[in-house]
Amino acid sequence: MDYVLPPQPPVAVPVAGSAALFPVRRVYCVGRNYAEHAKEMGFTGREDPFFFCKPADAVLSVADGETGKMPYPPKTSNLHYEMELVVVLGKGGRDIPVEEANECVWGYALGLDMTRRDLQGDMKKQGRPWEIGKAFDFSAPLGPIHPRSVVGTLDKGAIWLDVNGQRKQSSDISQMLWNVPESISYLSGLFELQPGDIIFTGTPEGVGAVLQGDVITGGVEGLGELRVEIV
């Protein structure tokens, strides 16, 4: 097949303990999915889940044991970290029942939903979309994917984040307002999910700003650590 331009190579993330790569199709993100984070953002209660997207090529793949290098993005003076459990799908579908949703999960990874908070806030005030605050280049640092067949089904466990060695976020993934199967089920009513889709499942309270030179280290129990330097 002839292309006018050479097609971009697929976005792929390493699989922990393997030479294989996991291809990324779409990146979905669950907003305000921990009660205390919702409160710090000015909201309360278990509202219906909502979602936003990042482009697949926003993924910054960070190999196990390495420190990812994320450039400080332009047009912002308030770059925030958000530590998240990321779910990767090996199966998809429409209107997936909650009780069947975990069977779609191929594995889990550590992710950072990096946010230009000032730009996001400006867009909210003007009733405009959030893309410039959420979907910029390198805005989705992602660690290696751990197969569910190895680590089991994750529904509880500590989630945490440090900046320059100081603890900023500390919670448990059991504190999600909408757990993983509920989020998958709800999302599948809005989009037909496909193998290769990944879902950032939300962040706990304690989000804040980072500067050039800061080192972010975060983790979820059973999945190791993700380490990223802002350069």
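Q: Why is Phe22 called buried?
A: The model is a predicted one, and in it Phe22 has a relative accessible area of 7%. Buried means under 20%, so Phe22 is buried.

Q: Why does Trp106 count as partly exposed?
A: The relative accessible area of Trp106 is 35%.

Q: What makes the rings of Phe22 and Trp106 a pair, and why is the pair called tilted?
A: The ring centres of Phe22 and Trp106 are 5.5 Å apart, and rings pair if their centres lie within 6.5 Å. The planes stand at 45 degrees; stacked needs under 30 degrees and edge-to-face over 60, so this pair is tilted. The structure holds 6 aromatic pairs.

Q: Which parts of the chain does the pair of Phe22 and Trp106 link?
A: Phe22 lies in strand β2 (residues 21-23) and Trp106 in strand β9. The two residues are 84 residues apart, and the pair links distant parts of the chain.

Q: What makes Phe52 and Trp130 an aromatic pair, and why is that pair tilted?
A: The distance is 5.7 Å centre to centre, against a limit of 6.5 Å. Phe52 is in strand β4 (residues 51-54), while Trp130 is in the loop between α3 (117-125) and α4 (131-134), 78 residues apart. Both Phe52 and Trp130 are buried, and Phe50, Phe52 and Trp130 form one aromatic cluster.

Q: How do you know that Cys29 is too far from Cys53 for a bond?
A: The sulfur of Cys29 has its closest cysteine sulfur, that of Cys53, 7.2 Å away. A disulfide needs the two sulfur atoms within 2.5 Å, so the distance is too far for a bond. Cys53 is in no disulfide, and a search of the whole structure finds 0 disulfides.

Q: Are Cys29 and Cys53 buried or partly exposed, and how do you know?
A: Cys29 has a relative accessible area of 0%, and the limit for buried is under 20%, so Cys29 is buried. Cys53 has 39%, which is between 20% and 50%, so Cys53 is partly exposed.

Q: What makes Asp113 buried, and where does Asp113 sit?
A: Asp113 is in the loop between β9 (105-112) and β10. Its relative accessible area is 0%, against under 20% for buried, so Asp113 counts as buried.

Q: Why is the approach of Asp113 to Lys54 called a polar contact?
A: The side chains of Asp113 and Lys54 make the contact at 2.8 Å. The limit is 3.5 Å, so the distance meets the cut-off. Leaving aside neighbours within four places in sequence, Asp113 is in contact with several residues, including Phe52, His80 and Phe200.

Q: Why are β10 (115-116) and β16 (208-210) called edge strands?
A: The open sheet of 3 strands has the order β10-β7-β16, with antiparallel pairing. β10 and β16 each have a single partner strand, so one side of each is left without a neighbour in the sheet.

Q: What makes strand β7 (residues 79-81) and β10 a pair?
A: β7 and β10 share 2 bridges in the antiparallel sense. At least two are needed, so the strands pair. His80 has Thr115 in β10 as bridge partner.

Q: Why are β6 (67-70) and β14 (166-172) at the edges of their sheet?
A: The open sheet of 5 strands runs β6-β18-β17-β13-β14, with mixed pairing. β6 and β14 each have a single partner strand, so one side of each lacks a neighbour in the sheet.

Q: How do β6 and strand β18 (residues 225-230) run, and how many bridges join them?
A: β6 and β18 run parallel and are joined by 4 bridges. Thr67 stands opposite Arg227 in β18.

Q: What makes Gly90 partly exposed?
A: Gly90 has 32% relative accessibility, between the limits of 20% and 50%, so Gly90 counts as partly exposed.

Notes: Residues numbered from 1 in each chain as written. Predicted model: local features only at pLDDT ≥ 70, side-chain atom pairs only at ≥ 80, totals over all residues. Heavy atoms only, no water. Buried < 20%, exposed > 50% of the residue type's maximum accessible area, 1.4 Å probe, protein only. Polar contact = N/O pair within 3.5 Å; in protein donor to acceptor, adjacent residues only side chain to side chain. Contact = heavy atoms within 4.5 Å.
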